[in-house]
Amino acid sequence: DTSLAEVNSFSPSMPISPSSMINQYKFEDEPELRDLFITVDDPESHITAIETFITYRVVTKTSRGEFDSSEYEVRRRYQDFLWLKSKLEEAHPTLIIPPLPEKFIMKGMVERFSDEFIETRRKALHKFLNRIADHPTLTFNEDFKIFLTAQAWELSSHKKQGPSLLSRMGQTVRAVASSVRGGVKNRPEMFTEINDYMETFSQKINVLDKIAHRIYKEEKEYLNEMKEYGPIHTLWSASEEDIADCLKGVASCIDKCCKATEKRMAGLSENLLPILHEYVLYSEILMGVLKRRDQIQGELDSRVDALANKKTEKDLFSEEIGKLEDKVECANNALKADWDRWKQNMQCDMRSTFINVAENNLRYYEECLATWESFLASQTVDLHVEEDSEDRP
Amino acid sequence: MEDCLAKKMEITVSEAEKRTGRNAVNMQETYTAYLIETRAVESQSEGQCAPVDSLWRRYSEFELLRNYLSVTYPHIVVPPLPEKRADFVWHKLSADNMDPDFVERRRIGLENFLLRVASHPVLCQDKIFYSFLTQESGWKEMVNETGFQLKADSRLKALNATFRVKNPDKRFTELKHYSDELQSVISHLLRVRARVADRLYGVYKVHGNYGRVFSEWSAIEKEMGDGLQSAGHHMDVYAASIDDILEEEEHYADQLKEYLFYAEALRAVCRKHELMQYDLEMAAQDLTSKKQQCEELATGTVRTFSLKGMTSKLFGQETPEQREAKIKVLEEQIQEGEEQLKSKNLEGRDFVKSAWADIERFKEQKNHDLKEALISYAVMQISMCKKGIQVWTNAKECFSKM
């Protein structure tokens, strides 16, 4: 299949086949070295005195030595995923942590806990975990391992350890602090460029998201009208004789086109809409990562400024400054590498998603074309038959 | 086919022009005038081009012509005029009578009307119709002089007949039901088609937004830029393609509309039959009652209760001379009545015969035209699909280069 993107060693891409969920994300480097396989499925409802919530089954298969077993099956709820994400952000402030589906959908069209909502969330959670598994650094994160392997009670007790409240507040504190410290004036040019890029990208991806939803909505309305349109021809055929078959034929064509439209809509909602939504979330995440890098830079800058006047004590603080400088360099390098990786993946995702959209539309038009052409053929055959029978004495 | 006018003469409604003038109450009005061009066909075969005659007519004159034809030939399914006001519009189409697209479609509709009349074996021979095509001034007066308006049946009379007729021809009753069903189903179809067109327009046009965003996005991309930009261009092409597609579909809608209005013409023939039948039944009833009255007077027996009979019983009977006079009057009336009934019966039978012949002709025409229209609809859908395949194939190629 020559339409697939070229496979290269840097970022090979797998075709998106609707049947296989495993293939819905990109492999890093050499796919043969993949040693961690995760699936999220089987949503189940739990009702307690206080609340109702859904858990999902998370199955992990691995050949890694660090894992005691080669297979794990655990149940996790949305809260647990939120916990994992915040731990990863805490541990790697300048890495791009994949997006989680939102807590609520405010669009009002989908109810909380409706089948559609649960399925959309399940798919997004599956992607979330797999993207972490694909990430060269995050895949070895300890909290990630615990998330995948610990039984429910083990996870609860682990969550309670460590700098809980403070670390959860850390984000907010640093966010407030950054507005005081800035960290922008010594920002390397590269990150300013990335920032500018992300501002525009964020704008465009949001608009694309809206456009895609609008298209879905218009197609749905079109489908509704078409569903009424076809049967009128059948109704008409009941009062006709000569043209009854022709009318029924048109009705049947319209009906088949309706089914093709439904397929086209399903394609949109399974592919384009989720991907665009993820990248809307990604653009927020990226702005956050850039801010955190600026904060780290800001810490260094303000310390340097504060000590600029104290000439005599410079030696005492050189170690502290050194540590901060290392921190900044690490953060910058991590972000740079992750940014390059993210950009590559984004390009891949966009390319394959839009190719899929095009293929979707092609399939739709080809199906409709075949339907109408076969109807037309049947009608002209009839005409010839009529003409022949008229010639006979 | 018989030698009809359409074969001898080329008829076109070639232009439409906006005019202003003063109407019947001397107020200024704007209207559209249509240019009718005619040219004799025969001389063309000799290698010469006959000169073109032309004159201007406005819609109200077409209406006058059609009214005249409907009244003068009540047994004929008279071709309908295109709609007076834009109906079944979807949002992009204007409901304004002065809108150029509406005027253009009406021009085509009027030409179609003239061609229908000119190819009808009976209608094409009408002198008023011929003058409509060839005589600009004085035509209106000519039509009015025929006094056709006096022959027109009142709506009330027709409605009355519909409810009270006892023995209409079964075939006409069936035809009446058919024309009602045809009217109802075609108007439903046209309404939904307009909504479908609206929605389809929406789907295509929203894709046009892709073009703009892709273009803006491509500005910040290095490798993806070209692919995005050119894909965006194809999305613009896709969005623009719907305009032509839907314009073509309007012609299909107009073809269906013609038969929507034809249903009314069919109904009119049925109504005429009901009226004539009712008239006949009333005349027969009247005759029967007169004969009865005569018999009673002659034999002196009162079979039916009548006020006259009662008063004569109470106040004394009439003189034999008075009675004789009455009987004579009645006998004369009965004679007249029988003659009238005979001619009405004849009229009725003639009407049914000629009406039915035209209805058969109409049925064949309708089946042929509607089948053609449905096939042309399929052809349009095929063309739309092919355009879609073209655009998305191109777009896919651009996306692959991203």
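In the predicted model, Met9(B) has Ala40(B) as its bridge partner in strand E2(B). This pair belongs to the pairing of strand E1 (residues 9–22) with strand E2 (residues 28–40) of chain B. The two strands are antiparallel and share 13 bridges. Between them, the hairpin has 5 residues. One residue of this hairpin, Asn26(B), takes a positive phi near 60°.

Strand E2(B) also pairs with strand E3 (residues 53–58) of chain B. Here 6 bridges join the strands, and the sense is again antiparallel. Within this pairing, Ile36(B) stands opposite Leu55(B) of E3(B).

Chain A holds an open sheet of 3 strands. The order is E1-E2-E3, and the pairing is antiparallel. Strand E1 (36–47) and strand E3 (71–77) form the edges, since each pairs on one side only. Neighbouring strands of the sheet are turned by 20° against each other on average, with direction ignored. Helix H1 (residues 78–91) of chain A packs on this sheet. Helix H1(A) touches E2 and E3 of chain A, and its direction makes about 105° with that of E3(A).

Strand E1(A) is joined to strand E2 (residues 52–62) of chain A by 10 bridges. One of the residues in this pairing is Ser45(A), whose bridge partner in E2(A) is Ile54(A). Helix H2 (residues 115–134) of chain A lies across both E1 and E2 of chain A. Helix H2(A) runs at about 145° to E1(A).

The two chains also meet each other. The contact takes 53 residues from chain B and 56 residues from chain A. The size of an interface is often given as the accessible area lost when the parts come together. Between chain B and chain A, the buried area is about 5400 Å². Carbon and sulfur atoms give 74% of that area.

The rule finds 9 salt bridges between chain B and chain A. In a salt bridge of 3.5 Å, N to O, the side chain of Arg199(B) meets that of Glu221(A).

The largest share, 24 residues, comes from H8(B). By class, this side of chain B has 33 nonpolar, 9 polar and 11 charged residues.

Methods:
Residues numbered from 1 in each chain as written. Chains lettered and ligands numbered in written order. Predicted model: local features only at pLDDT ≥ 70, side-chain atom pairs only at ≥ 80, totals over all residues. Heavy atoms only, no water. Pairing = 2+ DSSP bridges. Helix = DSSP H or I, 4+ residues; strand = E, 2+ residues; numbered from the N terminus. Axes fitted to C-alpha atoms, helices over the stretch in contact; angles between N-to-C directions. Contact = heavy atoms within 4.5 Å. Buried area = accessible area lost by both parts, 1.4 Å probe. Salt bridge = Lys/Arg side-chain N within 4 Å of Asp/Glu carboxyl O. Nonpolar A, V, L, I, M, F, W, Y, C, P; charged D, E, K, R; others polar.
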